[in-house]
Amino acid sequence: MRELTETMTTWLADHGIPEWLIPFFVSIFPIVELRGGIIAARLLDLELWKAIWVCMLGNIIPIPFILLFIDKIFDFIKKHNIPLLCRFVTFLENKALNKSEKMERGEFFFLLFFVGIPLPGTGAWTGSLIAVLRRIPLKKSVPAIFLGLCLASAIMCTLCYGFPEVFSKMFG
């Protein structure tokens, strides 16, 4: 993830994006999400509180669209049998459902920790997809995803801002 975040940060900076907006745009993208945004903010020496708000906002923006519309988009793709996209949708559905098999009980905490623990393949995008595919009600999934983002933000800020020596060893 380090190389991808650095590449995105450099590319955005080279194309005239203001420094404070770079972590926002990095946080919007799946895979890197808020974790990458916090790393980008630290690489740019953005103030901690500005980094938190910009990255949280960037990562939150796509979530309502996923929660409300992704199943309709997937159905449309399957109905119209768009070959490459059908395979991609099937891959995403299988990946999300495989990660959620053990969550029958404790859906709220599963989603919270799934989104909040910054590991590869986790985050708000996949957590939202799991919530949709598992038909978890919005009143349960939205707070869990939001609190998960808060947890991920706290962990990443601690690693990147609270322990500069760890950050410099990981990303220096």
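User: Which residues of helix α7 are buried?

Analyst: This is a predicted model, in which local features need pLDDT of at least 70, side-chain atom pairs count only at pLDDT 80 or more, and totals for chains, interfaces and linings use all residues. Residues are numbered from 1 along each chain as its sequence is written, and side-chain values use heavy atoms, with hydrogens and water left out. Helices are DSSP runs (H or I, at least four residues) numbered from the N terminus, and buried means under 20% relative accessible area, with exposed over 50% and partly exposed in between (1.4 Å probe, protein chains only). In α7, residues 107-116, the buried ones are Glu107, Leu111, Leu112, Phe114, Val115 and Gly116.

User: How far apart are the axes of α7 and α9?

Analyst: Two packed helices are described by the angle between their axes and the distance between the axes. Axes are lines fitted to C-alpha atoms, for helices over the stretch in contact, and angles run from 0 to 180 degrees between N-to-C directions. For α7 and α9 the angle is about 35 degrees, and the axes are 7 Å apart.

User: How many nonpolar, polar and charged residues does the contact of α7 with α9 have?

Analyst: Contact means heavy atoms within 4.5 Å. Among the residues that meet are Leu111 and Val115 in α7 and Leu147 and Ile155 in α9. Ala, Val, Leu, Ile, Met, Phe, Trp, Tyr, Cys and Pro count as nonpolar, Asp, Glu, Lys and Arg as charged, and the others, Gly among them, as polar. By these classes, the α7 contact with α9 has 13 nonpolar, 3 polar and 2 charged residues.

User: Is Ser141 buried or exposed?

Analyst: Ser141 is found in helix α9. Beyond its neighbours within four places in sequence, Ser141 contacts Leu67, Leu111, Ala131 and Ile136. Its relative accessibility is 0%, so Ser141 counts as buried.

User: How is α3 directed relative to α4, roughly?

Analyst: Helix α3 (residues 33-43) and helix α4 (residues 48-60) pack at an angle of about 150 degrees, with axes 9 Å apart. Angles under 35 degrees count as roughly parallel, over 145 as roughly antiparallel, 65 to 115 as roughly perpendicular and the rest as oblique. Therefore α3 is, relative to α4, roughly antiparallel.

User: Which residue has its backbone oxygen 2.7 Å from a polar atom of the side chain of Arg42?

Analyst: Arg42 is in helix α3. At 19% relative accessibility, Arg42 counts as buried. The backbone oxygen that lies 2.7 Å from a polar atom of the Arg42 side chain belongs to Cys160.

How values were computed
Helices (H or I, at least four residues) and strands (E, at least two) are DSSP runs, numbered from the N terminus. A polar contact is a pair of N or O atoms within 3.5 Å; within protein, one must be able to donate a hydrogen and the other to accept it, and residues adjacent in sequence count only if both atoms are side-chain atoms.
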